[in-house]
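Biologist: I want to learn how to read a model like this one. Please take me through it feature by feature.

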Amino acid sequence: MRLPQLAKMAADKVLEGVFAINKPFGMSSAQVIRDCQLYFNPSNLFAPLIAQEKAMREKENKYQKRRRSKAKQELRVKMGHGGTLDPLATGVLILGVGKGTKSLQNFLNCTKTYETIVLFGASTDTYDRTGRIIKKGKYDEVTREAAEKALDCFRGKFRQLPPLYSALKMEGKPLYEYAREGKPIPREIETREVEVTELDLVEWYEPGTHNHRWPAEEAGQAEKNLVDSVWQVAKRQVAASEEGEGSRPTPEQQEQETKALEEYNSKKREAEERVDSLVSDEQAPPAAKRKKTNEGGAEPMMSGALGTLPSPPVGKGSNLVPPPPAPNTPPPWEGKGPPAAKIRMTVTSGFYVRSLCHDLGEKLGCGGMMAELSRTRQGQFVLGGANCMEYEELLKGEDIWGPKVRNMLELWNNPEAKQAEQPKEQSKEQPKEQPKEQPKDELKGQPESNKEARASEKAEEGGKAAEDAEAIPQAN
């Protein structure tokens, strides 16, 4: 009798917590959540969680029920993520289930490890291969030794300028919307202090030995000038920070410079847009229509929005980025073409990988863009580790993903259980495989006691992580 009772107790257990999944290429982070909900909602594994939510809603009064929007009325597994990955990127995407969404905020400030491939020889408006080319440079003399020497400038603490096509807001408006509309930014983009604790060039691809390509489309002259003006501001900011406070312009000088820059860009842009319209095959849409289109633009992403994305297919956030070119695709250059490099880095919160790729190309004088990106670690979640599942496992059915998700959530709620189950010989060797010191910010995500969890639930009711999670609709 005892075994059936234990089995029933396990089946009725409400599973909540945090785990990670390997996000596929070309998919938005929100779409990954919708896909998980598609499989989790009707599952046996999360039936107790759904039943618990239903019971709580039955106790709500009429006022509480009226406050719940239509999008939140449908019963589903409550989920959220701990930091987005844009469609171009793959790798660790942290997901919270149920009360685990309350811990997601802690992962926004933890350290992360990335692997990226930089393609030299050209710069784009989005700083990656999905954008439009702004300028090209000579790359014949770019070598591995030169790239490794240039990387010395990006180790430790320094001030980084976010990409123009980023999710940062200025006067309540994302920067990428200014760029899309061809409008001058209202003021300078502020640099932010970031830290790179590890930075290594792990692989070098000589010209003609890789299949990475520049985008085929070039930006219009108006956009080239807008982006160039921002880059000039960035260079002045960096130079001022390196020379010290005494070399910085006064607030009055900054205001005069900004107004002059805006006026110059505005007049020059009007003239150049007329030139662009003469050589364009199709007429530019009216201003009112452009504004309406921008209001429904792509969602902000981790390291910068990707400009105007193609219309998503039936899967909403799936296949948002064109795949890499086929091996037999003709290159957009003559000869062997430019080199490329794979770089691994561990960085603090707020770091833009695509900015590093662009800035490295500028440092070498040839231009550069991000061709690939993978997040291999975020906090204590590691790609290929016990707490990170493959997206393909989700598609194989509950018999495959069910035990995996259960183990990951139980590992989150009882992180010492796995080490306790190991033989003594393995337990002695375990500390050697783990970092000697874990950053404090990576330990914040550990589960709270029941008493603390109840207090935290009341204090964080309506918090950002929970709101974001509930705002994501269920996939059909």
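Modeller: Helices (H or I, at least four residues) and strands (E, at least two) are DSSP runs, numbered from the N terminus. This is a predicted model, in which local features need pLDDT of at least 70 and side-chain atom pairs pLDDT 80 or more, while totals for chains, interfaces and linings use all residues. Residues are numbered from 1 along each chain as its sequence is written, and side-chain values use heavy atoms, with hydrogens and water left out.

Biologist: Which residues of helix α6 are buried?

Modeller: Begin with the cut-offs. Buried means under 20% relative accessible area, exposed over 50%, and partly exposed in between (1.4 Å probe, protein chains only). In α6 (residues 144-151), the buried residues are A147, A150 and L151. They span an arc of only 105° around the axis, so they sit on the same side of α6. That arc is taken from the directions from the helix axis to the C-beta atoms. On the other side of α6, E145 and K149 are exposed.

Biologist: Why do residues three or four places apart in an α-helix point the same way?

Modeller: An α-helix has 3.6 residues a turn, so such residues face the same way.

Biologist: Zoom out. How many helices and strands does the chain have?

Modeller: The protein chain has 17 helices and 14 strands. Of its 476 residues, 44% count as buried. The chain exposes about 26,000 Å², and carbon and sulfur atoms supply 50% of that. Those areas come from the Shrake-Rupley method with a 1.4 Å probe; for residues, only the protein chains shown count as cover.

Biologist: What share of the contacts joins residues at least 24 apart?

Modeller: Contact means heavy atoms within 4.5 Å. Take the contacts between residues at least 6 apart in sequence: 81% join residues at least 24 apart. K336 gives a local case. K336 sits in the loop between α10 (287-295) and β11 (340-347). Leaving out residues up to four places away in sequence, K336 touches P207 and G208. K336 and G208 are 128 residues apart in sequence, yet 4.6 Å apart in space, C-alpha to C-alpha. K336 is exposed, with a relative accessible area of 64%.

Biologist: Now the rings. How many aromatic pairs does a search of the whole structure find?

Modeller: A pair of aromatic rings is described by the distance of the centres and the angle of the planes. Rings of Phe, Tyr and Trp (its six-membered ring) pair if their centres lie within 6.5 Å; planes under 30 degrees apart count as stacked, over 60 as edge-to-face and the rest as tilted. The search finds eleven pairs. One of them, F40 with W401, is tilted: 4.8 Å centre to centre, 40° between the planes. That pair links distant parts of the chain, with F40 in α2 (residues 29-40) and W401 in α13 (residues 398-413), 361 residues apart. Both F40 and W401 are buried. F107 and F381 have ring centres 5.6 Å apart and planes at 70°, so their pair is edge-to-face. F107 lies in the loop between β3 (89-97) and β4 (112-120), and F381 in strand β13 (residues 381-382), so the pair ties together parts 274 residues apart in sequence. F107 and F381 are both buried. Ring pairs also link F19, F40, F46 and W401 into a cluster.

Biologist: And cysteines? How many disulfides does the search find?

Modeller: A disulfide is a covalent bond between the sulfur atoms of two cysteines. The test is a pair of cysteine sulfur atoms within 2.5 Å. The search finds zero. C36 is buried, at 1% relative accessible area. C357 is buried too, at 0%.

Biologist: How many salt bridges does the structure hold?

Modeller: Side chains of opposite charge can pair when their charged atoms come close. A salt bridge here is a side-chain nitrogen of Lys or Arg within 4 Å of a carboxyl oxygen of Asp or Glu. The structure holds eleven. E218 and K136 form one of them, at 3.7 Å, N to O. E218 lies in the loop between β10 and α8 (221-243) and K136 in strand β6 (residues 133-136), so this pair ties together parts 82 residues apart in sequence. E218 is partly exposed at 40% relative accessible area, and K136 is partly exposed at 47%. R155 and D152 also meet in a salt bridge, 2.5 Å from N to O.

Biologist: Where do R406 and E410 lie?

Modeller: Both are in helix α13, four residues apart, about one turn of the helix. R406 is partly exposed at 23%, and E410 is partly exposed at 30%. Salt bridges with shared partners join K13, R406 and E410 into one network.
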